[in-house]
Amino acid sequence: MFKGIAGNVLVLGLVSFFTDVSSEMIYPLLPLFLTGQLGAGPAFLGAIEGVAESTASLLKLFSGIVSDRVRRRKRLVLIGYSISSLMRPLIGSAASPLAVLLIRTGDRVGKGIRTSPRDALIADSVEPSLRGKAYGFHRSMDHAGALVGPLVATFLLAFFVTDLRHLFWLAGIPGLVAVLLIVWKVNETGHTPLPKTGLQLVALPPGRLRRYLLILFLFTLGNSSDAFLLLKAGAVGTPSYRLPLLWAFFHLVKMLSSMPFGALSDRIGRRSVIVAGWCVYAVSYLGFGLARSEWQIWLLFAVYGLFFGLTEGAEKAYLADMAESGQRGSAFGWYNFAVGVGALPASLIFGGIWQYEGNVAPFIFGASLAGVAAAALLLLVKAPAAAGKEIS
């Protein structure tokens with residue numbers, strides 16, 4: 001089951017685990033902290049998440065291009081994780097929603113610098129026939145950290161910490177562990193860098209890869225921040241002390257499903273698995289819009305978690321299958337850009353619809369775009385048989 005999961009793939013999975021322990025000690029409590037202690041509304045919550053993720057998306061494109069032109073992807077990965085690990089705990093000192101916006105954006109700057117080089121480093125470190133499993137494993141470790149993080153937060157709040165700010169400061173410890181793992185255990189793969197031609201952007205990839213990226217962008221416009229799901233959970237009566245547990249349960253589903261579905265895409269084809277995931281997303285979002293009780297929210301988080309298991313590993317493996325080996329960093333840069341640049345309008349639109357039309361309409365909007373994107377992927381994008389067993 002774990003064939004091919006060694007070396008950089010294993011270590012980078014552990015890095016993501018500790019990083020997400022740190023991040024998810026904070027994230028499920030951030031909406032409550034913003035709205036309860038700092039007085040922010042749903043629209044500003046959407047602005048924080050949208051601005052932060054869109055900033056990261058621009059840097060993901062830049063860092064991916066740079067990583068194709070230098071021999072040391074590890075250096076960019078280390079810089080990115082270090083910035084995030086330094087910035088994230090500073091939320092404990094925030095005195096206003098604007099301060100949270102700035103700190104959250106700084107955290108995402110680090111994510112923007114590290115993500116594309118890291119994804120390319122994983123692709124460089126594993127056989128093509130195992131890419132789906134490798135990315136699935138990486139996402140599983142990421143979600144394992146996101147499972148442990150809320151549990152740690154719940155434990156600390158129950159027995160040791162009474163102030164959310166103190167908890168946010170403690171979240172810096174696992175982030176430091178992640179940085180040390182990169183320093184000591186991640187190795188370069190010795191890829192051949194592209195010629196250095198300055199800092200100009202590489203053109204958007206042509207053909208089916210371009211169509212794939214444009215469809216991903218369309219899907220992302222309906223895929224707003226998951227902070228709104230926690231807000232919905234609170235709106236139907238989920239008490240604040242159970243929100244971290246709900247978030248942990250959500251990541252348990254993602255952790256258990258990511259590697260099996262990633263490996264499934266190695267056998268039956270990436271596109272089929274991605275389309276199934278987007279359909280699951282549409283169904284779960286319709287459910288969130290109609291949910292009226294806490295038990296429904298728990299069930300919907302389980303279904304929604306399967307969407308991540310189906311898509312996260314398969315989407316990245318599909319991209320690696322279609323990209324030229326010497327331009328993989330740039331391809332992942334464009335992938336992360338397409339996904340990330342839609343985050344700002346997606347969260348702003350979702351938050352605006354919620355604020356002015358109630359909490360049902362925005363979920364219907366997201367489900368509708370997911371259905372359109374799934375149909376477009378089926379009709380417009382096909383990979384060769386050698387890349388994930390798709391039929392041209």
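## Cavities in the model

The structure holds two cavities of 30 Å³ or more. The model described here is a predicted one, and the values reported below were computed from it.

## The largest cavity

The largest cavity has a volume of about 1100 Å³. Its lining is made up of 45 residues. Those lying nearest the centre of this cavity are Glu53, Lys111, Arg139, Phe308 and Glu312.

By class, the lining of the largest cavity comprises 18 charged, 14 polar and 13 nonpolar residues. Helix α13, which spans residues 294–322, gives the most to this lining, contributing seven residues.

## The second largest cavity

The second largest cavity has a volume of about 40 Å³. It is lined by Ser23, Ile26, Tyr27, Leu30, Arg88, Ile91, Arg104 and Asp107. In this lining, four residues are nonpolar, three are charged and one is polar.

## Aromatic pairs

The count of aromatic pairs in the structure comes to 36. One of them is formed by Tyr281 and Tyr304, whose ring centres are 5.9 Å apart and whose planes make an angle of 50 degrees, a tilted arrangement. This pair links distant parts of the chain, as Tyr281 belongs to helix α12 (residues 270–290) and Tyr304 to helix α13, with the two 23 residues apart. Both Tyr281 and Tyr304 are buried.

A further aromatic pair consists of Phe288 and Phe301, with an edge-to-face arrangement, 5.4 Å from centre to centre and 80 degrees between the planes. This pair also links distant parts of the chain: Phe288 lies in helix α12 and Phe301 in helix α13, 13 residues apart. Phe288 counts as buried because its relative accessibility is 0%, under the 20% limit for a buried residue. Phe301 counts as buried because its relative accessibility is 0%.

## Charges over aromatic rings

Two contacts between a charged side chain and an aromatic ring may also be described. The charged end of Lys254 sits over the ring of Phe308, 4.1 Å from the ring centre. Phe308 is also one of the residues that lie nearest the centre of the largest cavity.

In the other contact, Arg114 lies over the face of Tyr81, at 4.3 Å from the centre of the ring.

Key: Residues are numbered from 1 along each chain as its sequence is written. This is a predicted model: local features need pLDDT of at least 70, side-chain atom pairs count only at pLDDT 80 or more; totals for chains, interfaces and linings use all residues. Side-chain values use heavy atoms; hydrogens and water are left out. On a 1 Å grid over the protein atoms alone, a cavity is a set of points where a 1.4 Å probe fits but cannot get out, and a pocket is an open set with protein on both sides within 12 Å along at least five of seven lines; lining residues have an atom within 4 Å of a point. Grid points are joined across faces, edges and corners, and a volume is the space filled by probe spheres set on the points. Helices (H or I, at least four residues) and strands (E, at least two) are DSSP runs, numbered from the N terminus. Ala, Val, Leu, Ile, Met, Phe, Trp, Tyr, Cys and Pro count as nonpolar, Asp, Glu, Lys and Arg as charged, and the others, Gly among them, as polar. Rings of Phe, Tyr and Trp (its six-membered ring) pair if their centres lie within 6.5 Å; planes under 30 degrees apart count as stacked, over 60 as edge-to-face and the rest as tilted. Buried means under 20% relative accessible area, exposed over 50%, partly exposed in between (1.4 Å probe, protein chains only). A charge sits over a ring if NZ of Lys or CZ of Arg is within 6 Å of the ring centre and within 35 degrees of the ring normal.
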